[in-house]
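Reader: I would like a close look at a single part of this protein. Please take me through it in plain terms.

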Amino acid sequence: MKNHKTLILTIRPLHKAPRVLRQIETIKNKTTITAIGTTDPKIQGVEFIEYKKLFSLGKVRRRLLKLKKSLYKRIPIRTEPVNTISLDTKTFLKRLKCLISEVRPSVVIIHEPEWLPCASFEDRNYTVIFNAHEYFPLQRETDEWQQRFGRKYHDLYDKHLKDIDLLINVSPGIQKKCLDIFNKQSILIPNAPFYDG
């Protein structure tokens, strides 16, 4: 039996998330894997926990939909930085801490910035890897999106990137941006399929 445990955290549908699936295939023979996502990766030996059951997305999704609608209605945008600590966030972090304490992983691999706070939990005894699929603070460059979401992601990077153990980026440009803006070194793993030659 494997003693090493890995917890993979994403909000993606795992059965069709190529970068996450390649990662699972690469490490599955070396570690016991628990994966959080919106769909089962359907890989033998991987324990799957559905994200919405664990984190009760109903209320959060409704609020995000309202927020998106408000953006399209051109409601005046707040100019002050987005406060990333809300009641929903506190509930989310509490459940995340409980999950980590139950799984007791050696390594936590995250795929979205929303999971970054787990790198800064007090008394953590696991390695945190952020496998960033893109540069999230500039995912979209419209003024509306930047005011609502870009600032939030920038704040998460600014607060937590320093605490992660390994940052993986997909391009030299993003690697340079993370170093220049957040003083965080990273390694490159481009988005490329397995070679079957």
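Which helix gives the most to the lining of the second largest pocket?

Author: Helix α1, residues 18–27, gives the most to that lining, with five residues. The model is a predicted one, in which local features need pLDDT of at least 70 and side-chain atom pairs count only at pLDDT 80 or more, while totals for chains, interfaces and linings use all residues. Residues are numbered from 1 along each chain as its sequence is written, and side-chain values use heavy atoms, with hydrogens and water left out.

Some background on the whole comes first. The protein has six helices and seven strands, where helices (H or I, at least four residues) and strands (E, at least two) are DSSP runs numbered from the N terminus. From that end, the order of elements is β-α-β-β-α-α-α-β-β-α-β-α-β. Of its 197 residues, 41% count as buried; buried means under 20% relative accessible area, exposed over 50%, and partly exposed in between, with a 1.4 Å probe and protein chains only.

Now the pocket. Rolling a probe the size of a water molecule over the atoms shows where empty space is left. A pocket is an open set of points on a 1 Å grid over the protein atoms alone, where a 1.4 Å probe fits, with protein on both sides within 12 Å along at least five of seven lines; lining residues have an atom within 4 Å of a point. The second largest pocket holds about 200 Å³ of space. Eleven residues line this pocket, and Arg22, Gln23, Thr26, Asn131 and Ile189 are the closest to its centre. By type, the lining has six nonpolar, three polar and two charged residues. Here Ala, Val, Leu, Ile, Met, Phe, Trp, Tyr, Cys and Pro count as nonpolar, Asp, Glu, Lys and Arg as charged, and the others, Gly among them, as polar.

Helix α1 itself is mostly covered, with seven of its ten residues buried. These are Arg19, Val20, Leu21, Arg22, Gln23, Ile24 and Ile27.

Strands β1 and β2 pair in the parallel sense over five bridges; two strands pair if DSSP finds at least two bridges between them. In β2, Ile33 is the bridge partner of Thr6.

Definitions and conventions:
Points joined across faces, edges and corners; volume = space filled by probe spheres on them.
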